Amino acid sequence: MRVIATAGHVDHGKSTLIRRLTGMEPDRWAEERRRGLTLDLGFAWTRLGGEEIAFVDVPGHQRFVPNMLAGVGPVPAALFVVAADEGWMPQSAEHLAALDAFGVRHGLLAVTKADRADPARATAAALEEIAATVLGEVPAVRVSGTTGEGLDELSAQLAKLASRLPSPDLNADVRLWIDRAFTIKGAGTVVTGTLGGGTLRVGDELTLGANRVQIRGLQALGEPRETVSAVARVAVNVRGVPKDSVGRGDVLLTPGAWRPATEIDVRLRGAPSGKLHRNLVLHFGSAAVPVRVRPLGTDTARLLLASPLPLRTGDRGLLRDPGEHRIPAGFDVVDVRPPSLARRGAARARGEELTAVEPGWDYLRRAGFVRHGDFRALGLPEVGERLGGWHADPARLRQSRAEAAEVVAAWTREHPLAAGIPAEAFRQRLGLPDADLIPAVLTGELVLKDGLVRKPGTGLTAEVEKAVAVLEERFAEHPFRAPEADELRELGLGKRELAAAVRVGRLRAIADGVVLGPDAPERAAEALAALGEPFTVSRARQALDSTRRVMIPLLEHLDAAGLTEPLGDGTRRTCGRGCAGRENGLP
């Protein structure tokens, strides 16, 4: 399907042409038909030259320019209508300015009412005006809606226009701007709009404001469809939102694919930024949002939106001055996540930056790290070094790698007995946006293990390492003789030092102040299994060459681990694989 919008001054015959071309009535309201004046958007369709063409018929009266802009905004082509007897008029100029500002590059001129006046003069004037815009040189057809003169040629030219329109991206993220919303008994809420890209399917989930909605049904050209692909006029029956909460300017979106913006930097087409009034209305799609204009450079500005819109870099819209009834400028979106302008002179500096903006790189350099999906969501090319689900600015990545060792060293100075810096603290101190980036910034001097970032090795200070080595020599000869408290003090092993050694697996804490080698429980269970059953605490102490101070907590430790089982009479048995607590493993 191809979608074409009408444009032109009030009462120049736009709706009459659509009726003659399609046999349908585009004016939906009784008042419109009674007055012969289009007040709101009308829709009709036909097949020309093998192409299905849907027409968006817009109002020409100055009072209804916002309605006109809602219809023209999403479409790729325009049928510009000028009456032969009146020629170029004020709303002709405003409609043309809107097409130019929106960047509509495909069009056709129809000079109507050719039965009332010679169309030559009106045609020449209109072609001259149109040629000065992005539409450039367009074909012109003289027609009469009353006599039918020129309708065959107009149909042929419309078919050629449709065939020249660029093919849409059928896999694009959906952004369907709503121009109508109503209810149908038994069906619920229905919204309509022009689908400029992507594909809709019955059953799809989309977002509508803060709501998650599901497509119950689709209709295009008056027929139910299971699937509708761009470009198309489409009616969508949605589940999950009441009709009174939906209106023109709302938008159906692919979930998670868009980042609503409230501040954007733009490049202007039209009046210089210094000539613009500070309060204007931004038109994009079917939305109209008040904005505050802050000049940056001669042709650049920061727009502060009264409400967020799902915009991307490269989008084209226009600014309208409702007080002066004119369109002073169109704009191209340059940045939808611009930097703050808090410091003195920041606006001027930003304007200079935008003269040589590098899409993608500018945002990546500011952010340092950007999620892969954000490039598409913001309308930016993918740049930088790919790190899994992230992209990194090479300079920022080098800086982070250089700073990583100092972050670990600083933490060690602050916490000398810590085995390493917790990963989350490391992330925060290094300013990384996500823990997934930690491995990418670690050099050969650092490792991430058990949730800690540290240098390879034990992670103990030299003093603690020396003291633990003394204990290891002792345990090699007497594995179940735990050092006394005064021995630990002499070695410089207090509670914090012992905890550090236990944390890195060099010692096993059996009870408060009682430590053995890390494999002591398994070795004890193996030795006790050779005793025969049952065995007493005293017999176990003799077999393990230990003391009662160690043996009581060690046996309780083995009981908890399921390696031994108390029998209730002061004796125990070893479990092998049979004790119920065995599956718990060692604590």
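The legends below describe close-up views of a predicted model. Local features need pLDDT of at least 70 and side-chain atom pairs count only at pLDDT 80 or more, while totals for chains, interfaces and linings use all residues. Residues are numbered from 1 along each chain as its sequence is written, and side-chain values use heavy atoms, with hydrogens and water left out.

**View 1. Helix α1 packs against helix α6.** Helix α1 (residues 14–22) and helix α6 (residues 151–164) have axes 11 Å apart and an angle of about 85° (axes are lines fitted to C-alpha atoms over the stretch in contact, and angles run from 0 to 180 degrees between N-to-C directions; helices are DSSP runs of H or I with at least four residues, and strands are runs of E with at least two, numbered from the N terminus). Leu 17, Arg 20 and Leu 21 of α1 meet Leu 151, Leu 154, Ser 155 and Leu 158 of α6, where contact means heavy atoms within 4.5 Å.

**View 2. Asp 315 and Arg 175 form a salt bridge.** Their closest N and O atoms are 2.9 Å apart (a salt bridge is a side-chain nitrogen of Lys or Arg within 4 Å of a carboxyl oxygen of Asp or Glu). Asp 315 lies in the loop between β19 and β20, and Arg 175 lies in strand β7, 140 residues apart. Both Asp 315 and Arg 175 are buried, meaning under 20% relative accessible area, with exposed over 50% and partly exposed in between (1.4 Å probe, protein chains only).

**View 3. Asp 179 and Arg 233 form a salt bridge.** The closest N and O atoms of Asp 179 and Arg 233 are 2.7 Å apart. Asp 179 belongs to strand β7 and Arg 233 to strand β14, so the pair ties together parts that are 54 residues apart in sequence.
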